[in-house]
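Let's take a walk through a protein together, one stop at a time. Keep the picture open while you read, and try to find each place as we reach it.

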Amino acid sequence: MLTETHIPDNSTTVNGKNRNTQGFLKGIPSSSGIAVGNAFLIETETFIPSDSKISADMIESEITRIKNTIEHLNNDYTEVLSNSQFLGSSVISIIETYQLIINDTFINNNIFNRIREGYDSESAVIGEYELQKSMFRNSKDQLLRERSIDLDNVKRRFLAALRHHIPDYESAKDKILVALTISPTDLVKYKEAGAIGIITEMGGIASHVSILARSFEMPAIIGVKDAAKIISVGLGLIIDGFTGLIIYNPDLSIRKRYDVRISDIEKHKKSLGRLVKVKSETLDKHRIKLLANIDRLDDIKSALITGSDGAGLVRTESFLAHCDKIPDEEVQYGWYREIADRLYPNPVTIRCFDIGSDKFSLGIPIHENNPALGLRGIRFLLYNRDVFTTQIKAILRASVNKNVKIMLPMVSDIHELITAKKIINDCITAFNKTDLFFDNNIPVGIMIETPSAVLTADYLAKESDFFSIGTNDLTQYTLAADRTNDLVTEFYDSFHPSVLKMISMAAQSAKKAGIPISICGELAGHAAATPLLIGMGISELSTPPALHLELKNRILKINYQESKILAGRLLQMSSSDDILKVLESEINDE
Ligand code: PEP
Ligand code: MG
């Protein structure tokens with residue numbers, strides 16, 4: 001929900017760019033903190049065919065450009081296919097189709113002819129591919145109609161390759177990124193290059209870009225209409241990730257005000273340092289474990305600094321940001337072993353790749369009309385057994401000190417769990433025939449992220465060693481509101497009574513079965529939610545480690561017995577506004 005912010009009266013109109021006067025924009029705050037810096041615009045590739053004709057002496061060089069690009073793409077696809085042991089059969093067939101398209105002599109000859117008619121390379125490619133697409137789209141054959149999507153994908157790659165489009169990450173150092181949208185992979189690279197904040201026109205608060213921004217402690221504001229049109233390169237910006245306010249060309253008095261705020265935030269953070277060694281428990285000594293969400297290996301350091309009780313969610317798919325294919329067992333073993341060793345003796349819950357939807361792809365576009373409802377999480381893994389088995393073996397090898405758990409993402413049916421456990425057991429049986437050391441009894445648990453998992457939690461609990469509730473997806477699937485879509489932000493509400501009931505039901509099933517349950521979605525880090533979650537029976541919260549001391553500060557002031565009564569009362573309420581009002585008044589009373 002939007003936090004109401006007073007936008008000062010002197011806000012300028014927002015037409016045109018490069019204005020010199022101060023102005024204000026408003027968006028959805030998706031990662032807290034304040035950033036002050038200059039704008040770095042990430043242009044979205046748009047290809048507009050040119051009307052002007054090239055001269056006759058350019059024809060041969062343009063044809064050569066096209067031929068070189070075809071060769072380059074062909075090599076790319078061949079290289080991806082050469083690693084086909086890591087790809088599922090559906091992916092292989094898509095790549096093979098792309099390769100057939102890029103080598104299609106009929107299409108390519110038509111492109112050459114267009115160039116001979118005087119069109120430049122980009123315009124010739126767009127013209128020919130659009131023509132082919134429209135013929136496919138109008139076909140009576142369903143399969144051919146679907147192929148028009150492949151043509152579109154190949155067209156986009158063709159055009160990007162023609163322009164040698166390589167993002168300029170290094171120039172983003174100390175800058176605030178402004179984009180229509182940004183991929184998780186690009187965000188990782190911009191962060192590593194030193195970018196300090198994010199403004200996007202699209203995206204939801206629970207999208208993976210928002211989650212990553214929070215893990216990076218990088219202030220972010222999303223859903224800022226026309227941001228990339230209004231904000232020009234180098235424009236001075238202050239972004240307030242607490243309220244969603246953006247100030248461009250800030251004047252001296254506002255700068256000073258924000259300097260004071262930044263130093264207050266720093267002081268507050270430092271004062272929380274005193275809590276690192278304090279046990280995380282309620283006033284009446286009910287222990288609440290604070291676990292770390294690990295999105296990249298750097299998060300281990302933050303987890304150690306803040307005194308985390310272990311890792312509650314290692315998002316292994318995030319590690320793929322730097323890979324163009326899924327790494328082999330040895331590389332993965334290196335990642336998992338490093339986390340397990342550095343957090344030892346605390347537990348480390350490694351979630352198997354949750355690939356699909358808005359997550360990290362492998363540079364291999366799989367077209368799904370509804371990716372959030374598609375081949376995601378455990379479905380992807382069971383469909384690509386080699387990928388799953390390789391990962392399980394790497395995790396098993398990292399379990400040598402018995403502080404590792406395996407977690408399965410996006411389970412919606414008990415057969416998925418049973419099949420996955422059979423594959424895990426087969427790996428264990430195979431390992432037992434070797435002299436490898438590993439945890440024979442490695443715990444296997446599941447994410448509770450779908451209404452189906454909640455409604456069948458009693459059955460799933462019998463097959464699981466633990467549950468962890470992914471409230472980001474549970475909210476999306478319960479409320480049918482896309483977590484990545486800013487247009488439905490108001491419907492995407494983790495405090496909605498239906499979502500809270502789901503959490504409570506899952507907690508009860510876990511209790512009945514005697515297995516531990518945690519929350520590892522963003523709700524776990526929401527300060528207002530803490531007494532409610534504790535009162536519902538959650539005693540492990542997994543969040544970005546940067547939030548741990550703030551959460552501990554809160555937990556230390558909560559009475560467990562009272563929070564149970566509070567949760568009981570809130571679970572009777574029909575509106576999230578009323579629920580939040582009560583929870584916020586609890587914070588104010590402290
Ligand atoms: C969730 O869905 O709440 C979760 C923790 O998983 P992810 O955000 O990685 O989908
Ligand atoms: Mg999830």
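Asp174 has a relative accessibility of 46%, so it counts as partly exposed. In this predicted model, the side chain of Asp174 meets that of Lys173 in a salt bridge, with 3.6 Å from N to O. The structure holds 31 salt bridges, so let us visit some others.

One of them joins the side chains of Lys229 and Asp226, at 3.1 Å from N to O. How exposed are these two partners? Lys229 counts as exposed because its relative accessibility is 57%. Asp226, with a relative accessible area of 27%, is partly exposed.

Now find helix H22, which covers residues 576-589. Here the side chains of Lys581 and Asp578 meet in a salt bridge of 3.9 Å, N to O. These two residues are three apart in the helix, so about one helical turn separates them. As a rule, an α-helix has 3.6 residues a turn, so residues three or four places apart point the same way. Lys581 is exposed, with a relative accessible area of 57%, while Asp578 is partly exposed at 35% relative accessibility. Elsewhere, salt bridges that share partners link Glu317, Arg351, Asp354, Arg376, Asp473 and Arg483 into one network.

Asp473 also leads us to a metal. Which residues coordinate the magnesium ion, ligand 2? They are Glu449, through OE, and Asp473, through OD, at 2.0 Å. Glu449 sits in the loop between strand E13 (444-448) and helix H15 (451-455), whereas Asp473 belongs to helix H17 (residues 471-479), so the pair ties together parts that lie 24 residues apart in sequence. Both Glu449 and Asp473 are buried.

Next, look along helix H10, which runs over residues 298-305. Its buried residues are Asp299, Ile300 and Ala303. Viewed down the helix axis, the buried residues of H10 fall within an arc of 110 degrees, so they line one face of the helix. Asp298, Lys301 and Ile305, on the other side of H10, are exposed. What do the buried residues pack against? Their partners are helix H7 (208-215), strand E9 (289-294) and helix H11 (329-343). After H10 comes Gly307, which has a positive phi, near 70 degrees.

Two more residues are worth a stop. Ser518 lies in strand E15 (residues 517-519) and counts as buried because its relative accessibility is 5%. Its side chain makes a polar contact of 2.9 Å with the side chain of Ser468. Setting aside neighbours within four places in sequence, Ser518 touches Phe467, Ser468, Ile469, Ile538 and Glu540. Ile149 is placed in helix H5 (residues 142-162), and with 26% relative accessibility it is partly exposed.

Finally, step back and take in the whole protein. There are 22 helices and 16 strands. Of the 590 residues, 53% are buried. Among contacts between residues at least 6 apart in sequence, 69% join residues at least 24 apart. The protein exposes about 26300 Å², and carbon and sulfur atoms supply 53% of that area.

Terms used
Residues numbered from 1 in each chain as written. Chains lettered and ligands numbered in written order. Predicted model: local features only at pLDDT ≥ 70, side-chain atom pairs only at ≥ 80, totals over all residues. Heavy atoms only, no water. Donors = N, O, S within 2.8 Å, 3.2 Å for Na, K, Ca; no water. Helix = DSSP H or I, 4+ residues; strand = E, 2+ residues; numbered from the N terminus. Buried < 20%, exposed > 50% of the residue type's maximum accessible area, 1.4 Å probe, protein only. Arc of directions from axis to C-beta. Contact = heavy atoms within 4.5 Å. Areas by Shrake-Rupley, 256 points an atom, 1.4 Å probe, with all protein chains shown as cover. Polar contact = N/O pair within 3.5 Å; in protein donor to acceptor, adjacent residues only side chain to side chain. Salt bridge = Lys/Arg side-chain N within 4 Å of Asp/Glu carboxyl O.
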